[in-house]
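Okay, hi everyone, thanks for coming.

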Amino acid sequence: MADTWYDAVVVGAGFGGLGTALELCRRGARVALCEGLNYPGGCASTFRRGGYAFESGATLFSGFGEHQLFARWIREHALDVTVDWLDPLVELRAPGMRLPVHRDRERLIAELCALPGRPCRACGASSRCRPRWPVRCGRCSMTRTCCRR
């Protein structure tokens, strides 16, 4: 194998490694892709518990928008991939608070504006500012009071 050569060696077959290898190949490079596990995907993988399969990984819902990288590759390589969006994508929870993270930017902004302790739009202070008169939020149209410092 002394005559085997590569333009690039990509270590790791997670989304980043797979994407890098695919893009290098698309540009004509000869690429070796190395992975320590017996499957690709990195942290975006499937685990099984109690007879059920669960998809995991923090990046599962990024890059699939119409003009984003994974969507482009799916189109260019005619991959048999169907993206079925959940709404909300995820829900962050803490004691006494829930924040649904929606795909739609305006809905997400409205959820952020509704959080307790959110910054006052008019003066930038936290909700601890001393209210004097009602102010309508320019992004989510919630009305709250503000000190107008």
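So let's zoom in on one residue to begin with, and keep in mind that this is a predicted model. Find histidine 102. Leaving out residues up to four places away in sequence, histidine 102 touches Asp87, Pro88, Leu89, Arg107, Leu108 and Glu111. Where does histidine 102 lie? It's in the loop between strand 6, residues 97-101, and helix 3, residues 105-113.

Now, is histidine 102 buried or exposed? The cut-off for buried is under 20% relative accessible area. Histidine 102 has a relative accessibility of 7%, so it counts as buried. Its side chain also has a polar contact with the side chain of arginine 107, at 3.4 Å.

Okay, let's step back to the whole chain. We have 149 residues, and 26% of them count as buried. The chain has three helices and eight strands. Reading from the N terminus, the order goes β-α-β-β-β-α-β-β-α-β-β. As for the surface, the chain exposes about 11,000 Å², with carbon and sulfur atoms supplying 54% of that.

Next, look at the start of that order. Strand 1, helix 1 and strand 2 form a right-handed β-α-β unit. The two strands pair in the parallel sense, over four bridges. If you want one of those pairs to click on, valine 10 has leucine 33 in strand 2 as its bridge partner.

Helix 1 covers residues 15-26, which is 12 residues. From first C-alpha to last, helix 1 reaches 16 Å, close to the 16 Å expected at 1.5 Å a residue.

Which residues of helix 1 are buried? They are Gly17, Gly19, Ala21 and Glu23. And what covers them? The cover includes strand 1 (8-11), strand 2 (31-34) and helix 2 (69-76). One last thing to spot: after helix 1 comes glycine 28, with a positive phi, near 100°.

Key
Residues are numbered from 1 along each chain as its sequence is written. This is a predicted model: local features need pLDDT of at least 70, side-chain atom pairs count only at pLDDT 80 or more; totals for chains, interfaces and linings use all residues. Side-chain values use heavy atoms; hydrogens and water are left out. Buried means under 20% relative accessible area, exposed over 50%, partly exposed in between (1.4 Å probe, protein chains only). A polar contact is a pair of N or O atoms within 3.5 Å; within protein, one must be able to donate a hydrogen and the other to accept it, and residues adjacent in sequence count only if both atoms are side-chain atoms. Contact means heavy atoms within 4.5 Å. The expected span of a helix is 1.5 Å times one less than its number of residues. Accessible areas come from the Shrake-Rupley method with a 1.4 Å probe; for residues, only the protein chains shown count as cover. Two strands pair if DSSP finds at least two bridges between them. A crossover is right-handed if, with the strands pointing away from the viewer, the path from the first strand over the helix to the second runs clockwise.
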